[in-house]
Amino acid sequence: MRQLLSFSLLSFFSLCFAVLTAAADYHEQLVLRPLPLSALLASFNFRSNTTLSAFEAHNFRFFPRSLGQILQHAGTRELHLRFSLGRWDAESWGARPWNGAREGGTGVELWAWLEADTDEQADHQWLTLTNALSGLFCASLNFIDGTRTTRPVMSFQPEGDHPNATDTNTHLLYGVLPHEVVCTENLTPFLKLLPCKGKAGIASLLDGHKLFDASWQSMAIDVRPVCPPEGEGECVLEIEQTIDMVLDIERSKRPRGNPIPRPLPGHELHCDTSKPYHSGDTCFPADSTANQDWSLSQVFGKTIKGICPLTDPNVPPVCLQVPDSRSVYISNGGLEKKNQDGMSRCFEIEPETTNFELLLPRPEDLPADNLQAGQQVENIVKPETPLLYAERSFTGHGQERGGVQTILRNPSPDKEVEFIYMESLPWFMRIYLHTIQARIEGGPSDHDPLVQEVYYRPAVDRARGTQLEVRMRVPPASTVFLTYDFEKSILRYTEYPPDANRGFDVAAAVITILSPNKNGTRSATYNLRTTSLLCSLPTPDFSMPYNVIIFTSTAIALAFGGMFNIIVRRFVAADEGPEVSVGSLKQKLVVPLRRIFARVKPGPR
Amino acid sequence: MNGINGGKATTVGRTAGLYIGAAVLRLALFTLFPGLPDLLTGRVEISTPVTSFKRLQEGLFLYNHNVSPYDGGVYHQAPLLLPLFALLPSFAALPVFTYLLYIAIDLLSAHALFQIAESGEPGASALYTSPRRDKRWGGFVIAALFLFNPFTIATCIGRPTSVFTTCAILHAVVKAISGAPVGAMVALAFAAYLSMYPLLLLPPLLLLSYDRQLPGRATKSLAQFAATNIGVVASVLGMLFSMSFLITGSWEFLPSTYGVQLTLSDLAPNVGLWWYFFVEMFDSFRSFFLAVFWLHLSAYVGALTVRIRRQPLVVLTLLLGIFAIFKPYPSISDMSLFLAAVSLYRHVFPLMRYTFLVASIIMYTTFLGPAFYHLWIYAGSGNANFFYAITLVWGLGLSLLVCDLTFAVLRDEWEVERPEMVGKEIRQI
């Protein structure tokens, strides 16, 4: 009876709670999208809100307290933190998830809008923020110092609503650590921020072994204030945690029972029989696009441990983007809902379910070994073409100087792309801005210049990195080469890392594509980042600081001594002046010695 | 009378021919080998962080686009160079004007050397006349040696801004010899403004212009003369600095141009001894050794000025040699200036003891230096020690030359007192 009472009380309270926290909700969703070439994109999204007034009263509810206190302490209005690894293969995988808004370049990226009266105060708060986040996320964020921090002018716009902020007291700072290796120790604190701590719900699928084995992965944390349209309630502070990963299905499935990669026996190979040289002893591997058959437990190593009880029941926790023609099997307790577009379906999970499993079988109407190109595409959702392809690489050779070349390709046949290209480079890459050049492949364009606006803040040795923002455009169906030269400087030997000959990581370039708004202005619609680069600097010999100091000092002493020897002394003929010879030296030494001996020796008196 | 005039006319004709020949050679190198200027500009032996033409272009680009070139780590050259080069037609469109400017500067320097040699100052200063002075080279030979020195030609093609300093120093000497102390001081102030180290040449230059004052307007008191002329240098420098301030709008050019030379924040390799020493230096001793190196550089000024009081031009020559070895960012441009000044002392060459050794070392390092740099930077089969070793040998060879010249000049002076010792073996006690 008592138990029953407490249960009913609890349910009553929880009902009240639900009413109270209409604004402070939480939801999570996993979207699975098979990609060409046996890849699977898994996008995890967790979002929770708390009202700004509750946040300021230290009433955090779903908002993680540890992060909330740091944000309050550092006066942060909006925060974006990214941990990324790998490369998004836009040529085969198409457009990026979330239009690229939830990804970072390789390593760690952090940008935030801080509220401060002066630049110095903003720098100070930024230092506080990076150091605190460094402790919270077990990442080397404290190494984001002045040389790695920039203040972007055009590239980043606040995502949230800042009604009472002015330009003078809100400072955007951007820091990037391309050398940081993202790993399990960053995932654990990430999961701890979630209300269900990764114990239930879709977060239970996340496992360091699978996440960091992915071809590409990006963990993102975004905190921003969101205000409803005027007069419709209170502003809320929203935290969105996102994990996107591209798993290689073949690779993910392999460790089960056969952890060591071994060649497959001949009869298990999937060969492309359309090749003219296909025969019993030759095999061209068939494109495994349509062969995708997997289950959650195969690709993630485990099943979903029920649903997080705090999540909004109206948001289906798992969605799968495959054409309706494919059949999907789910375990008991799940409910499939196909969407209108015919290209995706979502699954609702009943609260009592403890294990939710999803199985995507191989398309049954086609024999797996005998596929034709036209039919392959229908079995997965065709990836969307991105607005722009970008590749960046170094040119030149040697450790003295080099160039950076970015190839920007606009695939659209009729639409021009306008974007902002941002680089934040380390100070020891001395770039020569007068060599910056944008040219269209196959001849110059006769109308508007490609580069429309440049914002450049040169590097200061050991104090500040280069910040380069270029607003430029790429005409339809053309390729633009953006190039500039730089010089590599030699550092003091204490400034080299222990693995000096590995090279220095150069952060990814951030490309923000602009699209015209209704009111004539342009705003960011799509982001992409190039890969990071590895720049090798000339190195001194680390083994011989003493030798160098001694040799140089000797050379200087020889010059100084030789010079002053000539200046100070008098000339005499060779036979003039006091005698300096071995004989005279001997005399000088022998006479006093004899005297001493004479005293010591007891001679006859 | 006619003969003398005719001789003078042929000399003028010959000299003009020499200048035209040198100009044509340079112009031909610029135009026939279009890749050569950029290749030489990129050489560390020619372009240092404080003189590089590529950095000048970057500074100019930033200046033209209203970005302060001193708010960055690339441009470390004097602010007044910016409007000068901004006045020239754009280098990218019409490079020939820049080429002509550099050729003109080389010719001006050569003409200054011509005048110095013709004045007879090297052999016979106001206080001392060498018994060997007849065995000297004329202005034509000196100018030809300067203009056709491979180091000078390479410098001209590589277009570092050190040529402006060279020209200013040589003209300061010419003015001092011709009895125009104010002109000398103004030229020296320009040189000091461009690259700072020529300020150390002030004491010998003061003495040179004091000795060579025109009889009519001579100041008897050395202290008064020195005070007046130091005042001239200071006021010209002050004027140049305030013009720079007006151009750039702030004083941040001071730390960026002179501060870099004082603190050696840019450790780009060059032919000097500083860069590798400070790459390898322990951080806690860095400032101490910077002070020691600067003190060492300035230690020679007083000693030489006092010891060779009777021949201030010798002191200037020796100091130029010492700067070519021991200044923070030396290049072969300083070497070409020093060699030109050494050639003025043809008459003491017989007294020098190591001419063959020095010539061999210079040849050896000239060829091996670029090869070892290539092995380190491009081939990867050598390391930094290869190039460092060559700069060490280069420094030792040059300091041997400087010491040897000092010895020869002092012995020349001594043999006036002891004429019977000519050709005899001597020693120093």
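This is a predicted model: local features need pLDDT of at least 70, side-chain atom pairs count only at pLDDT 80 or more; totals for chains, interfaces and linings use all residues.
In chain B, helix α8(B) passes helix α16(B) in a right-handed crossing.

Helix α8 covers residues 162-177 of chain B and helix α16 covers residues 332-342; their axes lie 9 Å apart and the packing angle is about 20°. Since angles under 35 degrees count as roughly parallel, α8(B) is therefore roughly parallel to α16(B). On the α8(B) side, the contact involves B:Ser162, B:Val163 and B:Thr166, which meet B:Ser333, B:Asp334 and B:Leu337 in α16(B).

I turn now to chain A. Chain A contains twelve helices and 26 strands. Of its 605 residues, 37% count as buried. Among contacts in chain A with a separation of 6 or more, 75% come from residues 24 or more positions apart.

Five of its strands form an open sheet with antiparallel pairing, in the order β19-β20-β17-β23-β24. Strands β19 (451-457) and β24 (522-529) of chain A stand at the edges with a single partner strand each, so one side of each has no neighbour in the sheet. On average, neighbouring strands of this sheet are turned by 20° against each other, direction ignored.

Within this sheet, strand β17 (residues 417-425) of chain A runs antiparallel to strand β20 (residues 466-474) of chain A, and nine bridges join the two. In that pairing, A:Phe419 stands opposite A:Met472 in β20(A).

Thank you.

Key: Residues are numbered from 1 along each chain as its sequence is written. Chains are lettered from A and ligands numbered from 1 in the order in which they are written. Two strands pair if DSSP finds at least two bridges between them. Helices (H or I, at least four residues) and strands (E, at least two) are DSSP runs, numbered from the N terminus. Axes are lines fitted to C-alpha atoms, for helices over the stretch in contact, and angles run from 0 to 180 degrees between N-to-C directions. A residue is buried if 20 or more other C-beta atoms lie within 10 Å of its own, exposed if 12 or fewer, and partly exposed in between; C-beta atoms are placed from the backbone. Two residues are in contact if their C-beta atoms, placed from the backbone, lie within 7 Å. Angles under 35 degrees count as roughly parallel, over 145 as roughly antiparallel, 65 to 115 as roughly perpendicular and the rest as oblique. A crossing is left-handed if the near helix is turned anticlockwise from the far one by less than a right angle, and right-handed if clockwise.
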